[in-house]
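Please study the sequence and the structure shown below.

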Amino acid sequence: MTGTSVALGTPEYMAPGQATAKSFDHRSNIYSLGVVLYEMVTGRKPFIADTPMAVLIKHATESLPRPRQFVPKLPDEVEKVLLKALAKQPENRYQDMKELVSAIKKMLDVKKTIEKTDYSKVKKGNEKAEIIKSIAKFFAVFKPTLVPTKSFFRIISIIGIIIVI
């Protein structure tokens with residue numbers, strides 16, 4: 001929201017708190033990233049409607065369509081990450097990017113499907129680089145099934161924002 005109470009953002013990627021003009025914080029960004037990941041995994045946005053306002057209302061009031069509805073063989077671990085990132089209530093989401101990255105790392109360890117990538121140039125303790133590394137590994141798991149959409153460009157933008165933060 002702006003100082004004049006005008007909502008700014010793309011409705012399809014706005015968190016429920018933003019959609020209802022209730023309080024929102026950094027966890028709204030986690031929700032938005034969850035929408036991008038959901039779209040990359042399922043090939044569609046979680047909420048679709050005829051108008052931007054209708055999309056916002058769906059974000060705020062409707063249950064999230066289960067990712068397995070669109071990708072029946074989706075691993076449990078992946079669905080769990082998406083569902084938590086897209087929880088309606090901020091307190092039920094990942095509380096920060098570190099927690100989300102940790103969940104993605106755990107998911108990847110369980111699946112053991114990560115391609116070997118040389119990250120030797122990434123220094124330990126470089127938090128931003130670790131976030132990017134984890135997101136890259138997330139993509140590696142789904143490389144064969146990703147649907148090329150505008151989401152790819154949005155994720156690049158989000159990564160850019162993470163780096164700046």
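Thr42 is buried (under 20% relative accessible area, with a 1.4 Å probe and protein chains only), since its relative accessible area is 12%. The model is predicted, so local features need pLDDT of at least 70 and side-chain atom pairs count only at pLDDT 80 or more, whereas totals for chains, interfaces and linings use all residues. Residues are numbered from 1 along each chain as its sequence is written, and side-chain values use heavy atoms, without hydrogens and water.

**Exercise 1.** Determine which contacts Thr42 makes.

*Solution.* Step one: a contact means heavy atoms within 4.5 Å. Step two: leaving aside residues up to four places away in sequence, Thr42 touches Pro67, Phe70 and Val71.

**Exercise 2.** Identify the backbone oxygens that the side chain of Thr42 reaches.

*Solution.* Step one: the backbone oxygen of Tyr38 is reached at 2.8 Å. Step two: the backbone oxygen of Arg44 lies 3.0 Å from a polar atom of the Thr42 side chain.

**Exercise 3.** Check the span of helix α2.

*Solution.* Step one: Thr42 is found in helix α2, a helix being a DSSP run (H or I, at least four residues) numbered from the N terminus. Step two: the expected span is 1.5 Å times one less than the number of residues. Step three: for the 16 residues of α2 (residues 27-42) this should give 22 Å, and the end C-alpha atoms are 22 Å apart, which agrees.

**Exercise 4.** Why is α2 described as largely enclosed by the rest of the structure?

*Solution.* Of its 16 residues, 15 are buried, so the rest of the structure largely encloses α2. Just after α2, Gly43 takes a positive phi of about 85°.

How values were computed. Helices (H or I, at least four residues) and strands (E, at least two) are DSSP runs, numbered from the N terminus. Buried means under 20% relative accessible area, exposed over 50%, partly exposed in between (1.4 Å probe, protein chains only). A polar contact is a pair of N or O atoms within 3.5 Å; within protein, one must be able to donate a hydrogen and the other to accept it, and residues adjacent in sequence count only if both atoms are side-chain atoms.
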